[in-house]
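Dear colleague,

Please find below the structure that I am handing over to you. My notes on its side-chain arrangements follow.

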Amino acid sequence: MNIVLPAEWAPQACIQLTWPRPDGDFARWFDRVEATFVDLACAITRFQPLLVAAPGDAGPLKRRLENAGVPADRLAVVAVRANDVWARDHGPITVLRDGHPVHLDFTFNGWGGKFDARLDNTVTRQLAAAGALTAPVESLDFVLEGGGIESDGQGTLLTTERCLLAPTRNGKLSRNVIEQKLAHWFGLNRMLWLKHGDLLGDDTDGHIDTLARFCDPQTIAYQACDDRTDSHHDDLAAMAAELRAFKQANGQPYRLIPLPMAPAIHDEDGRRLPAGYANFLILNAAVLVPTYGDNQRDREALSALAPAFPGREIVGVDCVALIHQYGSLHCVTMQIPDATGA
């Protein structure tokens, strides 16, 4: 059987969002956060369909999005029960088996038990039961978040040791056992493990989608930091050295694209929030890039990514509101591959 974990740039059927709850973790910033979600919905549906998992009644939200300019024929809204918004981590991770999609429903335990995720852990099954996911769903007794893995679509997986080897995920399973399991589920030939890399304020134990991202099988964009006075500098420099040492399957080094360090943004308690530009989302004809209210750095990030995505529009989306709960644009989205165009 041929198994492929599609790269994010592979054809997509839709993007999933899980809408915020007014009484959820974003309650203090709800109006700003919901406005960001509306902006995201409008940006996504310029290019492709959107599936919204909506805590509560789906009807009013669907009407609001349509009134905001979301095309009705590109929008599906399904009522679910959910704890939070992080679709990247509780949404389905879709593989193609002999060209046919299967949604793998891994266990989500709130990033190692940090937060209650009992409802989030059922969202994929709720969507399937409502008919919003038409491919088979397979639930797996293994903790894995979509933000913790990056696929080049050709059998290579990029990840971090801090996340996948955290004992709060899958106990004391060894790196070798985890590699074997992921190779079996994803059809992998090899895994690239980063030892370094972290954004202050991140509570995912170093998700790869905040640090380093495949743009194509030969290219990795990564979060850099040139300011030696920034507390991120040494660790991100060590990560950059690791990336320079990685080789493609053919033995050639990767083309590396450093992304600027986002401006330092702090919460009301002085804690630095995990703003980063590597948390972009690849769509069928665009790349949505988080921005953080610093015109110069935002422009630098968009300009750095543009050459890596010829033929795709590079679109900035203000994500300052999202980082108040320690995630950004990629974290709140999950792509559903389109097997018909694979």
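I begin with arginine 213, whose charged end sits over the ring of phenylalanine 280, at 4.4 Å from the ring centre. Please bear in mind throughout that this is a predicted model.

Aromatic pairs were then searched for across the whole structure, and 12 were found. In one of them, the ring centres of phenylalanine 26 and tryptophan 29 are 6.5 Å apart and the planes stand at 80 degrees; because an angle over 60 degrees counts as edge-to-face, the pair is assigned to that class. Phenylalanine 26 is buried, with a relative accessibility of 1%. Tryptophan 29 is likewise buried, at 11% relative accessible area.

Another edge-to-face pair is formed by phenylalanine 106 and tryptophan 185, with ring centres 5.3 Å apart and planes at 75 degrees. This pair joins distant parts of the chain: phenylalanine 106 belongs to strand 6 (residues 100-107) and tryptophan 185 to helix 8 (residues 175-186), a separation of 79 residues. Both phenylalanine 106 and tryptophan 185 are buried. They also belong to one aromatic cluster, together with Phe142 and Phe186.

The buried residues of the helix are Ile178, Leu182, Trp185 and Phe186. Viewed down the axis of helix 8, these buried residues fall within an arc of 80 degrees, and therefore line one face of the helix. Just after helix 8 comes glycine 187, which adopts a positive phi of about 65 degrees.

Finally, I draw your attention to serine 328, in the loop between strand 16 (313-318) and strand 17 (333-337). The side chain of serine 328 makes a polar contact of 2.8 Å with the side chain of tyrosine 292. Apart from neighbours within four places in sequence, serine 328 is in contact with Trp86, Asn279, Pro290, Tyr292, Cys319, Leu322 and Ile323.

With kind regards

Definitions and conventions. Residues numbered from 1 in each chain as written. Predicted model: local features only at pLDDT ≥ 70, side-chain atom pairs only at ≥ 80, totals over all residues. Heavy atoms only, no water. Phe/Tyr/Trp six-rings, centres within 6.5 Å; stacked < 30°, edge-to-face > 60°. Buried < 20%, exposed > 50% of the residue type's maximum accessible area, 1.4 Å probe, protein only. Helix = DSSP H or I, 4+ residues; strand = E, 2+ residues; numbered from the N terminus. Lys NZ or Arg CZ within 6 Å of the ring centre and 35° of its normal. Polar contact = N/O pair within 3.5 Å; in protein donor to acceptor, adjacent residues only side chain to side chain. Contact = heavy atoms within 4.5 Å. Arc of directions from axis to C-beta.
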